Amino acid sequence: MPSLVAPTTHVDLTPPPIQIVVGVYLRGLRLAQRRTLEEAAAAVRVRVTTSTISRWERAESLMPLQVLEALLRYYGLERAHVQSLSDAFPSLMRGYRLLPPSRRHAEDDEPREGRWDLWTDVAGDEAVARYTAVVRAANEAVFFTMGRIPPDYRIDEYRAALIETTPRHDEPAAGAPPWLGRLPHNADSRRLLLLLDDTVLRRPVGGPRVMAGQLRHLLRLMDGPAGAAPADIRVLRSDRLIDAHHLVGEVANLTVNGHRLLAGMDSMPWYRNRSRRARAVHDSLRRAVEQSPGHRDSYALIERAAEHWENQAAATRRRHPGEPHLRVVNGSVGCRP
């Protein structure tokens, strides 16, 4: 399978991250409320065509601030939320320009991100819902993680254990914004690659039994020859990964409506592109893909880890017959009712 992450040898002129994310958000709100492009065009105070609305949703042109605010109000967002997005959105009046504004510091020669190169979404549950919508909208994605298995690959017990023990959620809880549940998935063909640092296989989220079940689920997704399996998952040996020092935690390289975008989740979702740092992270992902083992070797590594946790679960049952299963979370042992 060819690399989904191409080398970066040219200046990146993609739109700012917030423009891409807000475009996906506006389209999601419109589709969830079953509004047409014609209705959206009629909702703004300036005269626009349906093709203009479509270009704004695809971040192919920059919408005026007053139009953004009018659309958000039309879709029923609260005033404070409308103002928050409007305050962070680029405009020519705020000094936005097409070329990346990143420069190097004269003193330490470290990359510095410009005002529009990085956006951190601080809107709580709505921010997490937007993060999910952007990932779903991507036609291509390379997702690297050294902490936890991503949402679309989880079993219910693994998900429940994460929600119980992890303060940083990367998918909406049960009370997610209703628009996300009504948002249709991308129907186009998608190319997705999941890169798992091998530390993920060694972290017993939910305890040995749950972890074994989660890894067996990954194996079922990988069943079939390379290129024909439902999921392309590769395991990166952390002791062999070289020259990819920008990869820490979780980061996804996405292609959304033809635009490249880096996305990740720390205490809240973040997005970046255009800057030197973004290109460095992008190139580290490309090198990680090139260094990753193939389908068969990755399958064997996950299968070996699944067998290890199955043996651990069996040993626990032998030591504590008739007692509730023991669960290991973040190195601590506790009973699972």
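At roughly what angle do the axes of helix α9 (residues 208–222) and helix α11 (residues 295–319) cross? The points below take up this pair together with other features of the structure, which is a predicted model.

1. The axes of α9 and α11 come within 8 Å and cross at roughly 155°. An angle over 145° counts as roughly antiparallel, and α9 and α11 are therefore roughly antiparallel to each other. In handedness, the crossing of α9 over α11 is left-handed.

2. On the α9 side, the contact is formed by Pro208, Arg209, Met211, Ala212, Leu215, Arg216, Leu218, Leu219 and Met222. On the α11 side, the residues include His295, Ser298, Tyr299, Ile302, Glu303, Trp309 and Gln312. Sorted by class, the contact of α9 with α11 comprises 13 nonpolar, three polar and five charged residues.

3. As for the overall fold, the protein chain contains eleven helices and eleven strands. It has 337 residues, of which 48% count as buried. Among contacts between residues at least 6 apart in sequence, 76% join residues at least 24 apart.

4. The largest nonpolar core numbers 74 residues, and those with the most contacts inside it are Leu72, Trp179, Leu215, Leu218, Ile233 and Ile302. Helix α1 (residues 17–32) is the element that gives the most to this core, with nine residues. A second, separate core of 14 residues includes Val142, Leu247, Ala278 and Val289.

5. Leaving aside residues up to four places away in sequence, Trp179 touches Tyr25, Gly28, Leu29, Ala32, Glu126, Ala129, Arg130 and Ala133.

6. Helix α4 (residues 65–74) has as its buried residues Leu65, Val67, Leu68, Ala70, Leu71 and Leu72. Their cover includes α1, α2 (37–43), α3 (50–57) and α5. After α4 comes Gly76, with a positive phi near 90°.

7. The packing of α1 against α4 has an angle of about 35°, with the two axes 10 Å apart, and the crossing is left-handed. Val22, Tyr25, Leu26 and Leu29 of α1 meet Leu68, Leu71 and Leu72 of α4. By class, the contact of α1 with α4 has seven nonpolar residues, no polar residues and no charged residues.

8. Where does each lie, and is each buried or exposed? Arg34 lies in the loop between α1 and α2 and is exposed, with a relative accessible area of 69%. Asn257 lies in the loop between β7 (250–256) and β8 (259–265). With a relative accessible area of 19%, Asn257 is buried, since the cut-off for a buried residue is under 20%.

9. Ser84 is placed in helix α5 (residues 79–88). Its relative accessibility is 38%, so Ser84 counts as partly exposed. Ser84 and Ala123 stand 39 residues apart along the chain, and their C-alpha atoms are separated by 8.6 Å. Helix α5, which holds Ser84, is also among the elements that cover the buried residues of α4.

Technical notes. Residues are numbered from 1 along each chain as its sequence is written. This is a predicted model: local features need pLDDT of at least 70, side-chain atom pairs count only at pLDDT 80 or more; totals for chains, interfaces and linings use all residues. Side-chain values use heavy atoms; hydrogens and water are left out. A nonpolar core is a set of buried Ala, Val, Leu, Ile, Met, Phe, Trp, Tyr and Cys residues joined through side-chain atoms within 4.5 Å. Buried means under 20% relative accessible area, exposed over 50%, partly exposed in between (1.4 Å probe, protein chains only). Helices (H or I, at least four residues) and strands (E, at least two) are DSSP runs, numbered from the N terminus. Contact means heavy atoms within 4.5 Å. Axes are lines fitted to C-alpha atoms, for helices over the stretch in contact, and angles run from 0 to 180 degrees between N-to-C directions. Angles under 35 degrees count as roughly parallel, over 145 as roughly antiparallel, 65 to 115 as roughly perpendicular and the rest as oblique. A crossing is left-handed if the near helix is turned anticlockwise from the far one by less than a right angle, and right-handed if clockwise. Ala, Val, Leu, Ile, Met, Phe, Trp, Tyr, Cys and Pro count as nonpolar, Asp, Glu, Lys and Arg as charged, and the others, Gly among them, as polar.
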